[in-house]
Amino acid sequence: LISSRQMVDEFKGRPETLVLQHDLEQLQVKDGVELLRKIGVTGPTAELTDAVSAVSGHALSLNLLGNYIKTVLQGDIRQRDKIPGLMTERNDGKHAEKMLAAYETHLHGTAALSVLSLMGLFDRPVSPGAIECLQQAKIVGLTDALGSDADWCYAIEDLREQNLLNAVNPDYPENLDCHPLIREYFGRQLQSQQPEAWQQAHARLYAYYKALPEKELPDTLEEMQPLFSAVAHGCAAGLHQQALEEVYWPRIKRKDEHYLTKKLGAFSDDLAAVAHFFTTPWQTPATGLSDYWKAEIFNDAAFRLRALGRLTEAIVPFSQAVKSVSIVYDWERSAIASGNLSQLQLNLGDITNAVSSAAQSVVYA
């Protein structure tokens, strides 16, 4: 079961016997009103109806709105005009973001806000080991003022009551998780307002996940998950070259063995890892990479896209790979890259450019 706010390209054109897609609509007005009442919001039905319409029935926005009114405004829907920015530009589609900004102001200086900022560092449920790693780091402006264990526990419970953190997962009771929009918002705020804390936290997490696997060279996808996390956090910390040379190239790819794709067939996982080395996938590599490695990641991205059937997207990184290797005068790799580009162009029916790339390959050879 996959839930996604973006179209999953790999599922396009698949028969319904293999892939069943169900588009989730926004809440109907009556259901939104019922949700607000269930949360504990009181007031005239007309006011509740107007509040649901104001956020276009967006479920997360209604949950955030309802819990904010219940916690901060004595549960009275008629006081929602006191929420900063909520009533302005009501049709701009940023209802959830405005509510999160209100929570940020309300929670300023509390342990609860630090917890939400920590959640913004991750793109998945957070294990207690990762949290402990950050708590021990005492990062100024992030984890240096979290207080006692009791303060932490109270903050977690408070955030869960307000639906800012997900309820306990019985399979992983010690993990913390929240809605992706909440993670994105507080992560973005931390990165823009406290860039040093953002970088230090990701650097700590890079070291933590890099050392987590029991094996230096994990054999299965499950065993490799910490290394994927290490790449993500290392790149977020600006350590692109280090993450590539210490984790991705020697331990995930196993150098020229290409273990992840050739042995495990995990092209999507590999492409997701490679994406972290780009500023703009699949066009602009991270500035911290050397010219040699820029060519390598262009090549890796192109081959993974092609293997996944995303041929049109693969054209750009294949073309960039040719330019990158020619910059460092590596004529053998340039010839191979041009030949790969020619083959892809031919597969797409672009015969004119395929002939041109083939001719260029001969020149390089």
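Leaving aside neighbours within four places in sequence, which residues is Thr-143 in contact with? I looked: Leu-118, Leu-134, Gln-135, Ala-137 and Lys-138, with contact meaning heavy atoms within 4.5 Å.

Ground rules first. This is a predicted model, where local features need pLDDT of at least 70, side-chain atom pairs count only at pLDDT 80 or more, and totals for chains, interfaces and linings use all residues. Residues are numbered from 1 along each chain as its sequence is written, and side-chain values use heavy atoms, leaving out hydrogens and water.

**Thr-143.** I find Thr-143 in the loop between α6 (128–137) and α7 (149–161); helices are DSSP runs (H or I, at least four residues), numbered from the N terminus. Thr-143 counts as buried because its relative accessibility is 1% (buried is under 20% relative accessible area, exposed over 50%, partly exposed in between; 1.4 Å probe, protein chains only). A polar atom of its side chain lies 2.8 Å from the backbone nitrogen of Ile-139. The Thr-143 side chain also reaches the backbone nitrogen of Lys-138, at 3.5 Å.

**Cysteines.** I searched the whole structure for disulfides (cysteine sulfur pairs within 2.5 Å) and got 0. For Cys-133, the closest cysteine sulfur is in Cys-235, 17 Å off, so too far for a bond. Cys-153 is in no disulfide either, with the nearest cysteine sulfur, in Cys-178, 18 Å away. I noted burial too: Cys-133 is buried at 14% relative accessibility, while Cys-153 is partly exposed at 49%.

**Val-355.** I placed Val-355 in helix α17 (residues 351–364). Val-355 has 53% relative accessibility, so I log it as exposed.

Key
Helix = DSSP H or I, 4+ residues; strand = E, 2+ residues; numbered from the N terminus. Polar contact = N/O pair within 3.5 Å; in protein donor to acceptor, adjacent residues only side chain to side chain.
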